[in-house]
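Take a look at the model below. We'll go through a ring pair, a cluster of rings and a helix contact.

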Amino acid sequence: MNKDRLLQNRFILSELVKKGIRLKYRRSYLGILWSLLEPLLTMIVLTIVFGTLMGEHDKSFPVYILSGRLLYGFFSQSTTAALKSIRANSSIIKKVYVPKMLYPLSSILFNFIIFMISLIVLALVSVVLGVYPTIYLIQVVVSLIVLLLLSLGCGLILSTIGVFFRDMEYLWTVALMLIMYTCAIFYRANRLLTSKWGFVLKANPLFCVIQTFRSAIFGEMMNMKYLLYALGFSIISIIIGVVAFKKNEDKFILEI
C-alpha cells in the first residue's frame, strides 16, 4: 500500500512539474527559448553598465556576472513560486486530496529544470570568452545540489508562512532584493570580503553557493567553509520547513 502511494505521489509530482512548465510559458511565442535569451540579454546589460562603472576589462567578467545571475534567478523564482504554491492551487486542494507538500516541491523542481536548461547559455558564453572547463568543473554538481536543497528549505518555510500571512509575498520581494545585493552578482566579491563588511556576504548562504559554483567554473578549488555553511543552513531550513509544513497543513484549507 505504501509502495502504491509512493508511486502515485511520484506520478502526481511529475504531472505538477509538467503543469508548472506549461503554465510558465503559456501564451509565450519564444517559450523555453526565453530561458536562454533572458539571462544572455541581462548579462550583456549588466556587463556594459557595471563593467564600465567599475572599470572591469577582464574578458571573463561576463561569465562572472552570468553565473551569479543564473543561480540567484533560480533561487528567486523557485522560492517565490513555492511561497504562492498553496494559494495558487487552492481550487484543487479544496476538491481533491493530494499531499500538500507536493505543491511547493513541484514549484522548486520545475524551476530547477528550467534553470538547468539555462546553464547551456553559461557553457556557450564561457567557451566563447575563453573560460574553458577544468577538472574542478566536477564541483558544479555539489554546488547545484546544495542550491536545490537551500531553495527547497526556504520554499517550504515560505509556503507555510504564505498561507497565513499574505503580505509575505511583498516582504519576500524586498528580502530578495537585499539577498541579491549581498550575492556579489555584478561586482567582485573580493572588494567587499576584504573590508569590515565582509561578514555580510559570508552570512548569506546563497552567496556561499554562488562562490563555490564560480570556483568550479573558473578552475579553482571551492571554499569548503562556504560549502559546509551553505549545506548546514540548507539542511536546517529543510528540517524547519518540513516540521512547520506538517504541523500546519491541516489548517491550510481554512485559510486559502
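Start with F61 and Y64 in helix α3 (residues 61–88): because they sit three residues apart, about one helical turn separates them. Helices here are DSSP runs (H or I, at least four residues), numbered from the N terminus. F61 is buried, at 2% relative accessible area, and Y64 is buried too, at 7%; buried means under 20% with a 1.4 Å probe, protein chains only.

A quick word on the model: it's predicted, so local features need pLDDT of at least 70 and side-chain atom pairs 80 or more, while totals for chains, interfaces and linings use all residues. Residues are numbered from 1 along each chain as its sequence is written, and side-chain values use heavy atoms, leaving out hydrogens and water.

Now the rings: the structure holds 11 aromatic pairs (Phe, Tyr or six-membered Trp rings with centres within 6.5 Å). F61 and Y64 have ring centres 6.1 Å apart and planes at 15°, so this pair is stacked, as planes under 30 degrees apart count as stacked. Elsewhere, ring pairs join F74, F112 and F115 into a cluster.

Just after α5, G130 has a positive phi of about 85°.

Conventions:
Helices (H or I, at least four residues) and strands (E, at least two) are DSSP runs, numbered from the N terminus. Rings of Phe, Tyr and Trp (its six-membered ring) pair if their centres lie within 6.5 Å; planes under 30 degrees apart count as stacked, over 60 as edge-to-face and the rest as tilted. Buried means under 20% relative accessible area, exposed over 50%, partly exposed in between (1.4 Å probe, protein chains only).
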